[in-house]
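Here is a friendly tour of one model, written for someone who likes to know the cut-offs behind each term. Please keep the viewer open as you read.

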Amino acid sequence: MTPHSKELIQYGTASLMVVSGVILSFISFFVNGDVTEGVLWYMAQALTFAGGVFGVSIYFKTKLGESEHRIREYLNEQLKENAPEHSTLNTQP
């Protein structure tokens with residue numbers, strides 16, 4: 001499973017949960033005249049799941065990007081410090 005397909009599955013299931021919660025809420029409202037407790041619980045769980053999927057993935061992508069940036073800066077600094085300024089190997093007349 002590639003990372004792209006994994007993200008697609010995560011976002012797809014989160015979106016389907018929210019859409020199914022909204023549809024179930026509308027059906028419950030139009031059939032009963034109010035939204036029942038069980039439907040509200042399902043909608044809350046769907047929103048919690050979707051928030052978790054979107055929030056956690058965004059958080060980790062942000063932290064991973066910050067870490068990569070810090071590592072690149074550190075490596076560039078180390079390369080600049082350790083790079084020879086003048087090569088003495090080919091200084092023979």
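## Contacts and overall make-up

Among contacts in the protein chain between residues at least 6 apart in sequence, 56% join residues at least 24 apart; contact here means heavy atoms within 4.5 Å. The chain has two helices and zero strands, where helices (H or I, at least four residues) and strands (E, at least two) are DSSP runs numbered from the N terminus. Of its 93 residues, 11% count as buried. Buried means under 20% relative accessible area, exposed over 50%, and partly exposed in between, using a 1.4 Å probe and protein chains only.

A word on the source: this is a predicted model, in which local features need pLDDT of at least 70 and side-chain atom pairs count only at pLDDT 80 or more, while totals for chains, interfaces and linings use all residues. Residues are numbered from 1 along each chain as its sequence is written, and side-chain values use heavy atoms, with hydrogens and water left out.

## How the two helices pack

Helix α1 covers residues 3–32, and helix α2 covers residues 37–82. They pack at an angle of about 155 degrees, their axes 9 Å apart. Axes are lines fitted to C-alpha atoms, for helices over the stretch in contact, and angles run from 0 to 180 degrees between N-to-C directions. The pair is therefore roughly antiparallel; on this scale, angles under 35 degrees count as roughly parallel, over 145 as roughly antiparallel, 65 to 115 as roughly perpendicular and the rest as oblique.

The crossing of α1 and α2 is left-handed, a label used if the near helix is turned anticlockwise from the far one by less than a right angle (right-handed if clockwise). The residues of this contact divide into 15 nonpolar, eight polar and two charged. Ala, Val, Leu, Ile, Met, Phe, Trp, Tyr, Cys and Pro count as nonpolar, Asp, Glu, Lys and Arg as charged, and the others, Gly among them, as polar.

## Residues to click on

Is S25 buried or exposed? With a relative accessible area of 16%, S25 is buried. S25 lies in α1 and, leaving aside its neighbours within four places in sequence, is in contact with V35, V39 and M43.

Now try F54 in α2, which counts as partly exposed at 33% relative accessibility. Again leaving aside neighbours within four places in sequence, F54 is in contact with Y11, A14 and S15. F54 and Y11 are 43 residues apart in sequence, yet 7.3 Å apart in space, C-alpha to C-alpha. Q45 is also placed in α2 and is partly exposed at 36%.

## An aromatic cluster

The structure holds three aromatic pairs. Rings of Phe, Tyr and Trp (its six-membered ring) pair if their centres lie within 6.5 Å; planes under 30 degrees apart count as stacked, over 60 as edge-to-face and the rest as tilted. F26 and F30 are stacked because their planes lie at 15 degrees, with ring centres 6.2 Å apart. Being four residues apart in α1, F26 and F30 are separated by about one helical turn.

F30 is exposed at 61% relative accessible area. F30 also forms an edge-to-face pair with F29, at 5.4 Å centre to centre and 70 degrees between the planes. F29 counts as partly exposed at 41%. Ring pairs link F26, F29 and F30 into a cluster.
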